Amino acid sequence: MTSVARIFAAAAVASALSITTCAAWAGATLDRIQQSKVLKVATAANWPPQSFLGEDNTLKGFDIDVANEIGRRIGSKVTFVTPEYGIITAGHWSSRWDLSVGSMTPTTERGRVLDFPAIYYYTPYVFAVHKDAAGTQVADLNGKTIGVEAGTTSEDYINRRLKIDAADVPPFSYSIEPGDVQTYGDSMGPLDDLRMGNGTRLDATLSALPTVMGAIKHGYPIVPVEGKPAYYEPLAIAVDKGDEAFNAQLAKIIADMKSDGTLKQLSEKWYGTDLTRVQ
């Protein structure tokens, strides 16, 4: 091979390596993140222990730690936005944010406008009542007023229209017929009304067990209803449709976080147990 040929060969190899590297990061979203070195994440501002404002006025919680770790592995700083949940689940984000790390269930309906690259944990949903009603059984809630967060699986469940088609989720059944369903803009709304007294505004709420236990830890006079969870909810990271390269990169990151124990560690930090798999 002549020296000129060697130069052209080296250039061809360098070009091929460059193309391969770019292909690994191809996609409009990844390109934007790599250029700005900023990953914009949509999440909730009032959903402890998943995400909430700490005393220093910064967001903290399980979802916040997960999002920050995703950003670290991508090589970008993470910034958070907190739009209403219904705006996030509606899709068509128009690049206002890149990713949702907000404990979202990958339902069929949401899958029409969003992609779910990976499930990162599962959470049990339980009924809770005021402590004055301790000992209440699930069957006792028939005909009662139940509070739920609007636009979530708890609202779908209480209205008997919940569909969860993700893998490895235990089957569930509908156990009560509520007399009235009250909906709220966030997860703490029904808990705030429930703590006012047994039957004052609500007789019970259906919520994620970590949210209920977090409220109890902060002094809310409520208790979980005895028995098995109503259902297990798979929680996924979500992205706008159309960027397969971004999906693949996120799926790999979550898989790596599971295999190296990072997700388990974060779950135990915030929930006191490993919710990254169904118990």
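From which domains does the lining of the largest cavity draw at least three residues each? In this predicted model, the lining of the largest cavity takes at least three residues from domain 1 (28–122 + 233–271) and at least three from domain 2 (124–164 + 172–232).

Rolling a probe the size of a water molecule over the atoms shows where empty space is left. Two cavities of 30 Å³ or more were counted in the model. The largest cavity holds about 90 Å³ of space. Its lining consists of Trp47, Tyr85, Ser103, Met104, Thr105, Arg110, Tyr125, Glu149, Thr152, Thr153 and Glu233. By class, four residues of the lining of the largest cavity are nonpolar, four are polar and three are charged.

The second largest cavity contains about 80 Å³ of space. Trp47, Tyr125, Glu149 and Thr152 are among the residues that line the second largest cavity, and these four residues are also found in the lining of the largest cavity. In the lining of the second largest cavity, five residues are nonpolar, five are polar and one is charged.

At least two residues of the lining of the largest pocket come from helix H7 (209–217), and at least two come from helix H9 (262–271). The contribution of H7 is the largest share, at six residues. The lining of the largest pocket comprises 13 nonpolar, five polar and two charged residues. Domain 1 (28–122 + 233–271) and domain 2 (124–164 + 172–232) each give at least three residues to the lining of the largest pocket.

For the second largest pocket, the volume is about 330 Å³. Of the 20 residues that line the second largest pocket, Glu84, Tyr85, Glu149, Gly185 and Asp186 lie nearest its centre. Strand S2 (46–47) and helix H4 (85–89) are the elements that give two or more residues to this lining. The most is given by H4, which supplies four residues. Eight nonpolar, nine polar and three charged residues make up the lining of the second largest pocket.

Helix H8 was then considered by its length and its faces. H8 has 16 residues (residues 244–259), which at 1.5 Å a residue should span 22 Å, and its end C-alpha atoms are 22 Å apart, in agreement with that value. The buried residues of H8 are Phe246, Asn247, Gln249, Leu250, Ile253, Ile254 and Met257. These residues cover an arc of only 165° around the axis, and they are therefore on the same side of H8. The exposed residues Glu244 and Ser259 are carried by the face of H8 turned away from its buried side. After H8 comes Gly261, which has a positive phi, near 85°.

Lys144 is located in the loop between strand S7 (114–130) and strand S8 (145–149). Is Lys144 partly exposed or buried? Lys144 has a relative accessibility of 35% and therefore counts as partly exposed, since that class lies between the limits of 20% for buried and 50% for exposed residues. Although Lys144 and Glu177 are 33 residues apart in sequence, their C-alpha atoms are 8.2 Å apart in space.

Ala238 belongs to strand S12 (residues 231–240). With a relative accessible area of 0%, Ala238 is buried, as buried means under 20%. In sequence, Ala238 and Ser100 are 138 residues apart, while in space the separation is 5.0 Å, C-alpha to C-alpha.

Technical notes:
Residues are numbered from 1 along each chain as its sequence is written. This is a predicted model: local features need pLDDT of at least 70, side-chain atom pairs count only at pLDDT 80 or more; totals for chains, interfaces and linings use all residues. Side-chain values use heavy atoms; hydrogens and water are left out. The expected span of a helix is 1.5 Å times one less than its number of residues. Buried means under 20% relative accessible area, exposed over 50%, partly exposed in between (1.4 Å probe, protein chains only). The arc is that of the directions from the helix axis to the C-beta atoms. Ala, Val, Leu, Ile, Met, Phe, Trp, Tyr, Cys and Pro count as nonpolar, Asp, Glu, Lys and Arg as charged, and the others, Gly among them, as polar. Domain bounds come from an automatic or database domain assignment. On a 1 Å grid over the protein atoms alone, a cavity is a set of points where a 1.4 Å probe fits but cannot get out, and a pocket is an open set with protein on both sides within 12 Å along at least five of seven lines; lining residues have an atom within 4 Å of a point. Grid points are joined across faces, edges and corners, and a volume is the space filled by probe spheres set on the points.
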